[in-house]
Amino acid sequence: ADNGIVPGNRYELYGWSNGKWKKITSQQAVYHYITAEVPPGSLLWLRNLTEGKEELPFYINGNGEQIFIYR
């Protein structure tokens, strides 16, 4: 689906809090990842502002794996 992090693309990361999405960070990817401080078990949503099309909420489990809530 070509939905990985692409260097040079701009991303926004949101976290679900108190019934709404709140922006955690907005940054341009330098590598094939972005970094942000998020509380464990947070429901997250990453948007590619440059060329993204497919977006799904996810969380990071205790093993550091990305888990999409819709499979």
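A salt bridge is a side-chain nitrogen of Lys or Arg within 4 Å of a carboxyl oxygen of Asp or Glu. In this predicted model, a search of the whole structure finds two salt bridges.

**The salt bridges**

In one of them, Glu12 is paired with Lys23, and the closest N and O atoms are 3.3 Å apart. This pair links distant parts of the chain, since Glu12 belongs to strand S1 and Lys23 to strand S2, 11 residues apart. In the other, Arg47 is paired with Glu12, with 3.8 Å between the closest N and O atoms. Arg47 lies in strand S3 and Glu12 in strand S1, so this pair ties together parts that are 35 residues apart in sequence.

How is Glu12 classified, buried or exposed? Glu12 is buried because its relative accessible area is 10%, and the term buried applies under 20%. Its two partners are classified otherwise: Lys23 counts as partly exposed at 49%, and Arg47 is partly exposed at 27%.

The table lists the relative accessible area of several residues discussed in this report.

| Residue | Relative accessible area | Class |
|---|---|---|
| Glu12 | 10% | buried |
| Asn18 | 71% | exposed |
| Lys23 | 49% | partly exposed |
| Leu43 | 25% | partly exposed |
| Arg47 | 27% | partly exposed |
| Tyr70 | 56% | exposed |

Asn18 is found in the loop between strand S1 (10-17) and strand S2 (20-28). Although Asn18 is not a glycine, it has a positive phi of about 55°. With a relative accessibility of 71%, Asn18 counts as exposed, because exposed means over 50%.

Leu43 lies in the loop between S2 and strand S3 (44-48). Which residues does Leu43 touch, not counting residues up to four places away in sequence? They are Tyr14, Gly15, Trp16, Trp21, Pro57, Phe58 and Ile69. For one of these contacts, the separation may be stated in two ways: Leu43 and Trp16 are 27 residues apart in sequence, while their C-alpha atoms are 5.5 Å apart in space.

**A nonpolar surface patch**

On the surface, a nonpolar patch is formed by Leu56, Tyr59, Ile69 and Tyr70, which together have about 370 Å² of accessible area. Ile69 is also among the residues that Leu43 touches. Tyr70 is located in the segment after strand S5 (66-68) and counts as exposed at 56% relative accessibility.

Note on methods
Residues are numbered from 1 along each chain as its sequence is written. This is a predicted model: local features need pLDDT of at least 70, side-chain atom pairs count only at pLDDT 80 or more; totals for chains, interfaces and linings use all residues. Side-chain values use heavy atoms; hydrogens and water are left out. Helices (H or I, at least four residues) and strands (E, at least two) are DSSP runs, numbered from the N terminus. Buried means under 20% relative accessible area, exposed over 50%, partly exposed in between (1.4 Å probe, protein chains only). Patches are made of residues with over 30% relative accessible area and no salt bridge: like charges are joined within 9 Å, nonpolar side chains (Val, Leu, Ile, Met, Phe, Trp, Tyr) within 5 Å. Accessible areas come from the Shrake-Rupley method with a 1.4 Å probe; for residues, only the protein chains shown count as cover. Contact means heavy atoms within 4.5 Å.
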